[in-house]
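Here is a short briefing for a first look at this structure. Start with the display, then read the points by topic.

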Amino acid sequence: MTTNIGTIDRVFRFVLGIILLAAPFVSGLDLFNSSTTTIISVIVGLVMVGTSALKFCPLYRIFGIKTCKL
């Protein structure tokens, strides 16, 4: 796996991932009363945090996108 996610992209993904992980449990929004939206939010949050930690996004590789300086 070659790195294809830059620093700003990593920080954005990490913050968004944490928000998506926490939102169903602390927000109190009616949107998260459905278990489906809660599960989707948690899965997307985990993917965002995971790609941030690994510095690699499979979709970026498919589309030939690189946000890092290499």
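Asp9 is buried, and Arg13 is buried too; buried means under 20% relative accessible area, exposed over 50%, and partly exposed in between (1.4 Å probe, protein chains only). This is a predicted model, in which local features need pLDDT of at least 70 and side-chain atom pairs count only at pLDDT 80 or more, while totals for chains, interfaces and linings use all residues. Residues are numbered from 1 along each chain as its sequence is written, and side-chain values use heavy atoms, with hydrogens and water left out.

**The Asp9–Arg13 pair**

- Asp9 and Arg13 form a salt bridge, with their closest N and O atoms 3.2 Å apart. A salt bridge here is a side-chain nitrogen of Lys or Arg within 4 Å of a carboxyl oxygen of Asp or Glu.
- The structure holds 1 salt bridge.
- Both residues lie in helix 1, 4 residues apart, which is about one turn of the helix. Helices (H or I, at least four residues) and strands (E, at least two) are DSSP runs, numbered from the N terminus.
- Asp9 counts as buried because its relative accessible area is 13%.
- Arg13 counts as buried because its relative accessibility is 8%.

**What surrounds the pair**

- Asp9 is in contact with Tyr60 and Thr67, leaving aside neighbours within four places in sequence. Contact means heavy atoms within 4.5 Å.
- The side chains of Arg13 and Thr51 are joined by a polar contact of 3.1 Å. A polar contact is a pair of N or O atoms within 3.5 Å; within protein, one must be able to donate a hydrogen and the other to accept it, and residues adjacent in sequence count only if both atoms are side-chain atoms.
- The charged end of Arg13 also sits over the ring of Tyr60, 4.8 Å from its centre. For this, NZ of Lys or CZ of Arg must be within 6 Å of the ring centre and within 35 degrees of the ring normal.
- The C-alpha atoms of Arg13 and Thr3 are separated by 15 Å, and the two residues are 10 apart along the chain.

**Helix 1**

- Helix 1 covers residues 7–26, 20 residues in total, and reaches 28 Å from its first C-alpha to its last. That is close to the 28 Å expected at 1.5 Å a residue; the expected span is 1.5 Å times one less than the number of residues.
- Its buried residues are Asp9, Arg13, Gly17, Ala23 and Pro24.
- These buried residues pack against helix 2 (35–54) and helix 3 (58–63).
- Just after helix 1, Gly28 takes a positive phi of about 75°.

- Buried in helix 2 are Thr38, Ser41, Gly45, Met48, Val49, Thr51 and Ser52. The buried residues of helix 2 pack against helix 1 and helix 3.
- Ser34 caps the N-terminal end of helix 2, with a side-chain oxygen 3.3 Å from the backbone nitrogen of Thr36.
- Lys55 lies in the loop between helix 2 and helix 3. Lys55 has a positive phi of about 60° although it is not a glycine.
- Most residues other than glycine have a negative phi.
- Lys55 counts as partly exposed because its relative accessibility is 35%.

**Asn4, before helix 1**

- Asn4 is found in the segment before helix 1. Asn4 counts as buried because its relative accessibility is 4%.
- A polar atom of the Asn4 side chain lies 2.9 Å from the backbone nitrogen of Cys57.
- Not counting residues up to four places away in sequence, Asn4 touches Lys55, Phe56, Cys57, Tyr60, Arg61, Ile65, Lys66, Thr67 and Cys68.

**Phe63, in helix 3**

- Phe63 has its place in helix 3. Phe63 counts as exposed because its relative accessibility is 62%.
- The C-alpha atoms of Phe63 and Val44 are separated by 19 Å, and the two residues are 19 apart along the chain.
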